[in-house]
Amino acid sequence: MHDKELCEQIGQRIRQRRTELSLGQQYLADKLDVNKSTIQRYESGAIDNSKKLILEGLSEALQVSPEWLKGEVNVYEPEVTDRRELQISDAMTEILQEIHRIHADMKDDELYFSEDLLLLMLREYMCFVERFQEASKKYSKLTGRDEVAVAAGFSSEKELNETLFLRSIFHTTNTFRDMSEIVRQYPKEPQVARAKLRQLLQEVR
């Protein structure tokens with residue numbers, strides 16, 4: 001016989017956190033490998049949701065502690081605060097799982113190439129975020145520069161701001177263009193492609 005009050009407390013917090021992350025019940029069902037109706041009953045407290053394995057699965061999926069779900073603590077500071085962050089977290093976990101899976105199926109050179117490609121994407125993304133944030137602050141709200149824009153050969157202040165913004169993130173667009181060319185080159189000249197990829201990695205460290 002389960003503790004009905006505890007199960008209702010857990011159910012309320014499951015629903016609270018799920019709503020906070022804008023998640024559907026099907027998301028939790030997929031994560032816990034159960035039916036959607038089971039999640040509905042977990043949230044209503046109609047069935048026992050206080051078992052250790054269930055709590056651990058729920059807490060991992062919702063990025064909270066089992067103690068918070070049980071009401072033992074009332075304050076939590078989750079690393080994941082919205083649905084997009086959770087999707088990114090899920091994607092990164094899936095990527096790592098895929099890397100482990102393909103270790104046995106790929107030659108070392110092929111594996112290293114695919115992993116270096118991923119590293120470059122992640123490093124360039126970090127550089128992009130920094131540049132993008134700075135460019136957004138500098139050029140998205142600038143006003144009162146029509147004369148400067150015309151003197152510089154632009155038709156308007158808006159065109160000047162757009163150009164300056166794009167220049168700020170130019171490195172990222174170039175890097176992804178280079179990555180595309182390297183991937184196309186790999187089947188014909190794998191050694192050359194790997195060398196170019198390693199060079200790009202050095203440039204974004």
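Reply:
**The loop position and its surroundings**

Ile47 is placed in the loop between H3 and helix H4 (52-62). The model is a predicted one. Ile47 counts as partly exposed because its relative accessible area is 24%, and a residue is called buried only under 20%. Ile47 and Phe132 are separated by 85 residues in sequence and by 48 Å in space, C-alpha to C-alpha.

How accessible is Glu43? Its relative accessibility is 5%, so Glu43 counts as buried. Arg18 is buried as well, because its relative accessible area of 12% is under the 20% limit.

H1 also holds Gln12. Gln12 is partly exposed, since its relative accessibility is 46%. Lys70 is 58 residues from Gln12 in sequence, while the C-alpha atoms of Gln12 and Lys70 are 9.8 Å apart in space.

The lining includes Tyr27, Lys31, Leu32, Gly57, Glu60 and Ala61. Gln63, Ser89, Asp90, Thr93, Glu94 and Gln97 are also among the residues that line the pocket. H6 gives the most, with 5 residues.

Side chains of opposite charge can pair when their charged atoms come close. In the whole structure, a search finds 11 salt bridges. One of them joins the side chains of Glu98 and Arg101, with an N to O distance of 2.5 Å. Both residues lie in helix H6 (residues 83-102), where they are 3 residues apart, about one turn of the helix. Glu98 has a relative accessible area of 36%, so this residue is partly exposed. Arg101, with a relative accessible area of 45%, is partly exposed too. Salt bridges that share partners join Glu98, Arg101 and Asp105 into one network.

A further salt bridge is formed by Arg177 and Asp178, whose closest N and O atoms are 3.1 Å apart. Arg177 counts as partly exposed because its relative accessibility is 44%.

**Helices with a buried face**

Helix H10 (170-185) is among the elements covering the buried residues of H11. H10 has 16 residues and reaches 23 Å from its first C-alpha to its last, close to the 22 Å expected. Its buried residues are Thr172, Thr175, Met179, Ile182 and Gln185. Seen down the axis of H10, these residues fall within an arc of 145°, so they line one face of the helix. The elements that cover them include H7 and H11.

Helix H11 (residues 190-203) has 14 residues and spans 20 Å between its first and last C-alpha, close to the expected 20 Å. Ala193, Arg194, Leu197, Leu200 and Leu201 are its buried residues. They fall within an arc of 120° down the axis of H11, so they too line one face of their helix. Helix H7 (108-139) is also among the elements that cover them.

Helix H9 (residues 157-168) has 12 residues and a reach of 17 Å from first to last C-alpha, close to the 16 Å expected. Glu157, Leu160 and Asn161 are buried in H9. Their arc, seen down the axis of H9, is within 95°, so they line one face of the helix. Lys158 and Leu166, on the other side of H9, are exposed.

Conventions:
Residues numbered from 1 in each chain as written. Predicted model: local features only at pLDDT ≥ 70, side-chain atom pairs only at ≥ 80, totals over all residues. Heavy atoms only, no water. Salt bridge = Lys/Arg side-chain N within 4 Å of Asp/Glu carboxyl O. Buried < 20%, exposed > 50% of the residue type's maximum accessible area, 1.4 Å probe, protein only. Helix = DSSP H or I, 4+ residues; strand = E, 2+ residues; numbered from the N terminus. Expected span 1.5 Å × (residues − 1). Arc of directions from axis to C-beta. Contact = heavy atoms within 4.5 Å. 1 Å grid on protein atoms, 1.4 Å probe; cavity = no way out; pocket = protein on both sides within 12 Å on 5 of 7 lines; lining within 4 Å.
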